[in-house]
Amino acid sequence: MTGNDAVLALVVLTALGFDFTNGFHDTGNAMATSIVTGALPPRVAVAVSAVLNLAGAFLSTEVAATIASGLVNSHVVTLTVVFAGLTGAILWNLATWFLGIPSSSSHALIGGVIGATMAAAGGSAVKWQGVVSKVIVPAALSPFIAGAIAALGTWLVYRLTRQVAERPRAHGFRIGQVGSASMVSLAHGTNDAQKTMGIITLALIANGTLHSGAKSPDWVIASCAVAIALGTYIGGWRVIRALGKGLVEIEPAQGLASESASAAVILASTDFGYSLSTTHVATGSILGAGVGKKGAEVRWHIARRMVMAWLLTLPAAALVGAVAYWAAHGIGGTAGVVVIFIVLVLASIAFFVASRHPAVTPENVNAAWTGTVVPAPTTDEAAS
């Protein structure tokens, strides 16, 4: 194995690692409301979501093509650039997951790649028109579109079912939530899994394994599908708790309306090849469901915290991606990539260890919201 082969192998491994973090970071987008309303038990919800993410990854490649050729000039991209971009995306994903902020994995990935590309070849290597039309504009519009649809849907379902007794109405909406949450999971697989496919394809083009403009090979599609499904099954409980309990106290009717709105918007964006943030869509839908129900409490200060993270995601991931590139390039060759890879692994372990004290688990994810991601310890836990 040559040094270049070793770097390519590390890039593919790191890309699949990002896909794994993408899965557990975004599980809440599909399943947070179903878990909080009791439509699905937590562990069943993440298992269903994982299977449908796996299936969705095989349904389309439009977004993968956007990532592979629509954002940066592939002829100036090297394996080190792709690796540095992935490093920025993973570290931002882990930081926001630890803080319980449902930020966009998609924007973290795009920001990391743009930052590393600019560090290597300057701003002219970035296709800014594609970034604006395929990323910035959809990111700005999608939460409002999803929120408006969810608000209207919530208002309609309450109005149309106002004569139905509360108990059968809630039971019916919980059943409907299983279907709508499943659609969001399938839609997430069609959109997010493809982003890593696009990144690995970009690396193969940079290595000369594929020609410019080539589609993702079958082994890339299959490995990305499995990685995001495994991450989804692990469940990002901190983000699930923030989405399900932090923004609005969700009722089954609101959950059905918000999930249906999310699925419709994500599937439409996938069809057009837009690299949409499912996090922005799901958060907008949940807020819309809160606005659409008369008397519902919407915690706008939590929403503002999330929006601030959204605004920081692209530049922060870009900065980390650029620093990772400069460090790897400064050390030079295969050794530079190996050193940054070791730093990335150690940082990931540190985030995991820190998240266990205290941990958010399927057993306490629905505990009463006290203003923080981590629930207050029970009397027994506090005494021990």
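Colleague: How far apart are the end C-alpha atoms of helix α13 (residues 333-355), and what should its 23 residues span?
Modeller: Bear in mind that this is a predicted model. At 1.5 Å a residue, the 23 residues of α13 should span 33 Å. The value computed from the model agrees with that, as the end C-alpha atoms are 34 Å apart.

Colleague: Which residues of α13 are buried?
Modeller: A residue counts as buried when its relative accessible area is under 20%. In α13, that picks out G336, V337, I340, F341, L344 and S355.

Colleague: Let's turn to helix packing. At what angle do helix α6 (residues 128-160) and helix α10 (residues 252-272) pack, and what is the handedness of the crossing?
Modeller: The axes of α6 and α10 are 8 Å apart, and the angle is about 145 degrees. As for the handedness, the crossing of α6 and α10 is right-handed.

Colleague: Which residues make that contact, and how do they divide into nonpolar, polar and charged?
Modeller: On the α6 side there are K134, I145, A146, I149, A150, G153, T154, V157 and Y158. Helix α10 brings A253, Q254, A257, S258, A261, V265 and F272. Sorted by type, the residues of this contact are 11 nonpolar, four polar and one charged.

Colleague: And how do α6 and α11 cross?
Modeller: Their axes come within 7 Å. The crossing of α6 and α11 is right-handed, and its angle is roughly 35 degrees.

Colleague: What is the make-up of the contact of α6 with α11?
Modeller: From α6 come A139, S142, P143, A146, G147, A150, A151, T154 and W155. From α11 come H280, V281, G284, S285, G288, A289 and G292. These residues divide into eight nonpolar, eight polar and no charged.

Colleague: Is T278 buried or exposed, and which residues does T278 touch beyond its neighbours in sequence?
Modeller: T278 belongs to helix α11 (residues 278-292). With a relative accessible area of 2%, T278 is buried. The C-alpha atoms of T278 and D192 are separated by 7.9 Å, although the two residues are 86 residues apart along the chain. Leaving aside neighbours within four places in sequence, the contacts of T278 are D26, N29, H188, D192 and I266.

Colleague: What separates the C-alpha atoms of S106 and S277?
Modeller: S106 also lies in helix α5, and a relative accessible area of 2% makes S106 buried. Along the chain, S106 and S277 are 171 residues apart.

Colleague: One last topic, the aromatic residues. Why is the pair of F24 and W97 described as edge-to-face?
Modeller: A search of the whole structure finds three aromatic pairs. For F24 and W97, the ring centres are 5.4 Å apart. Planes over 60 degrees apart count as edge-to-face, and the planes of F24 and W97 are at 70 degrees, so this pair is edge-to-face.

Colleague: Where do F24 and W97 sit, and which aromatic cluster do they belong to?
Modeller: F24 is in helix α1 (residues 3-37) and W97 in helix α4 (residues 79-99), so the pair links parts of the chain 73 residues apart. Both F24 and W97 are buried. The cluster is made up of F20, F24 and W97.

Note on methods. Residues are numbered from 1 along each chain as its sequence is written. This is a predicted model: local features need pLDDT of at least 70, side-chain atom pairs count only at pLDDT 80 or more; totals for chains, interfaces and linings use all residues. Side-chain values use heavy atoms; hydrogens and water are left out. Axes are lines fitted to C-alpha atoms, for helices over the stretch in contact, and angles run from 0 to 180 degrees between N-to-C directions. Helices (H or I, at least four residues) and strands (E, at least two) are DSSP runs, numbered from the N terminus. A crossing is left-handed if the near helix is turned anticlockwise from the far one by less than a right angle, and right-handed if clockwise. Contact means heavy atoms within 4.5 Å. Ala, Val, Leu, Ile, Met, Phe, Trp, Tyr, Cys and Pro count as nonpolar, Asp, Glu, Lys and Arg as charged, and the others, Gly among them, as polar. The expected span of a helix is 1.5 Å times one less than its number of residues. Buried means under 20% relative accessible area, exposed over 50%, partly exposed in between (1.4 Å probe, protein chains only). Rings of Phe, Tyr and Trp (its six-membered ring) pair if their centres lie within 6.5 Å; planes under 30 degrees apart count as stacked, over 60 as edge-to-face and the rest as tilted.
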